[in-house]
Amino acid sequence: MVAVTSFIAMLATTLVDLAKLYFDPWSTWLWVIRGVLLFFSDKIKTRTWILYSKKADFQQHVTIENRRAHDEIVDLWTDVLSERNLSSLGDEKWLIFEQVFKSALHCSKQSIARHCLDQLEKQFKSTSRRVTTLNAMYHESIDDFKSADDIYSNLLDENETDAIVQKRQISLLKEKNQIREAISQLNSYLELYQADQEAWSELCDLYLSEHDYAKAAFCAEELLLINPHNHLHHERYASIRYSQGDDYEKARTYYFSALKVNPANIRALYGIVLTSTNLAMKNSSRSNENNQVYIEQIQWAREQIIQKYREAIPDLLPVVELALQSLAL
Amino acid sequence: MSDINTLAFTKMFLHLAKYPELAVNGILLSEKTSSASDEADSSSYLHFVDCIPLFHGILSLSPMLEIALSQIDAYCSLKKLTIAGYYHANENYSDPNPNFTTLKIMEKIKENNPNAVLFMIDNSLVDLTENDRFYNVFTLSDRTWKNVTDSHIVNDESRLSAMQLVNRKQHRQLIDFDNHLDSISNDWRNPHIRNELNAASF
C-alpha cells in the first residue's frame, strides 16, 4: 500500500515537471505542488524503510549505540536485508553496505564483507577515498598487511592531512603487535590533531597495556581538558592514579568529581571507599583530624553503596556487605 | 591435575564470544577441599565448577579488580568455593602469550591460593568443532610459566554446550563484572546461564 502511494507520488512529480516544461517553468503554483509532492514522497520513502521492522533495529544499532553488536548486525543482514531488493532505500543503502561490511569484518565473515565491498566498488569505482580505505581494511582482515599499508601510503601521498587514514595506519601497527611504534606514531598524530578524543583515548589504552601509568594519566588529563563534563573521564583518571599507587589523594578527588557529575556512578563510590581506606591507613600514625574525615567518608560511601544494592539487587547484598567489611581498616 | 565442568567452561566461552575484539579476563572457582593448605601443592587436584567473568577492554587498572576480588571472595566463603584459576585473553588475535598484566594478576591471586592456575586463551583454538578446548593451562612459579595443559581434562559435554549456547545467542546475555558496575542490577553470578544450561541438558 505504501509502495503504491510512493509510486503515485513520484509519478505525480514527473507529471508536474512535464507541466512546468510545457506551460510555464516559473509558475509558482507548479513549484509549490512539486515541493509538496517531493516532501511527501520522501517521507513515504523513509517510512517504507522503517516499516521493514528489522531495519528499525538496524538503524538503532548503527546510529544510537556506542557499543555496536556486530554479530547482531550481521544476523540482520543474513536474515533480512540480503534477501530484499535494497533499491527502495535510495542512497541510504550505501551506508548500510558500509556498516555491514565493517561488522562482517569484526565477525570474520569475509564473504559477506567481500559482497558488500563489491557493491560499493561497483558504485563508486576507484575514485572514492572512503571505499579505497574500506578495501584496505579488507586486506587487513585477511592478514595482507603489506597491501593495506601500501594503499594507506598511496592515499596519504595524495592527501597527507587525511586523519582517518593516518589512524588506520596506526591501527595496522597495533595489529602487528608493534605497540611501541604505534605509540610513537600516535604521539606524532596528536601533535597535529590535539582535540581528537578518540586518539587520546586510544593512546591512553596503549600506555595502560604497557603499564606506563604516568603517561596514561597524561592522556587522561587531556581527555578531561577536552571534555570535563564526562564522568567517565574523571573516573578513568582517578583509576589510573590509584593504579599508579603514589597519589591516592588525587585519585580520591577525581572519584568525588566523577560522582558530582554523575551521582549514579558506582565505580566512583567504590573508588572513594578504596582511596579513603588507603589514605587512612597511611596516616594512621599521624593526626587524627584527617583520619576522622576519611573514616566518615568511607562510612558515607558504604551506606550509599548498600542503599543502591538494596534497591536494585537485594539478592547480592550479603555478598557485598561481606566484601565491604573485608576492605575495612 | 585439574578438570572443568560444563558451567565454568561455557561461561568462559560466552565471555569470549560477547567481546570478540577486546581483551577479556575472569576468575575460575573450584570446590574448596578440606585439605586446603597454604603451600603450593603440585599434587592437589583442582575441580573447576564455576566462572566469574571480570572485565573487557582495559585489564590493567587495579581499583575495580580489588573490588571484584573482594566480592568474589565473599561469594566463595558463602558457597564453600575458592578462587583457583584466572583466565586471560589478549586483544591481539595472534598473541596467546601471558603478558605483564597476566603476571601481576596471577601473583595477586596466588597470595590467597598458591595452587591457582592460569587459563591462557588461544584464539587459534576457538573453533570448538575442531578442538576440545580454547585455552592452555599454566602454572606460575618464580615468574616462570609452565604449560600443564596435558593434565587438564575437558569433557565433551562442555564443548557441545558452549557451542550450543553461542548458537542460541546466549553470549549477549552474559554479565561480566564491568557490566555489573555499569548497572548493578546486572548479576555477575549469571544465574540465567545456569538455567539455560539446565534447560539445554542432553
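Tutor: Gladly! Buried means under 20% relative accessible area, exposed over 50%, and partly exposed in between, using a 1.4 Å probe and protein chains only. This is a predicted model, where local features need pLDDT of at least 70 and side-chain atom pairs count only at pLDDT 80 or more, while totals for chains, interfaces and linings use all residues. Residues are numbered from 1 along each chain as its sequence is written.

Student: Which residues of α10(A) are called buried?

Tutor: A:I179, A:A182, A:I183, A:L186, A:Y189 and A:L190 are buried, so each falls under the 20% cut-off. Seen down the axis of α10(A), these residues fall within an arc of 125 degrees (taken from the directions from the helix axis to the C-beta atoms), so they line one face of the helix. An α-helix has 3.6 residues a turn, so residues three or four places apart point the same way.

Student: What does the face turned away from the buried side carry?

Tutor: That face of α10(A) carries the exposed residues A:R180, A:E191 and A:L192.

Student: What do the buried residues of α10(A) pack against?

Tutor: They pack against α9 (163-175) and α11 (197-209) of chain A, where contact means heavy atoms within 4.5 Å.

Student: How do you know that the span of α10(A) agrees with expectation?

Tutor: The expected span is 1.5 Å times one less than the number of residues. For the 14 residues of α10(A), 179-192, that gives 20 Å, and the end C-alpha atoms are 20 Å apart, so the two agree.

Notes
Chains are lettered from A and ligands numbered from 1 in the order in which they are written. Side-chain values use heavy atoms; hydrogens and water are left out. Helices (H or I, at least four residues) and strands (E, at least two) are DSSP runs, numbered from the N terminus.
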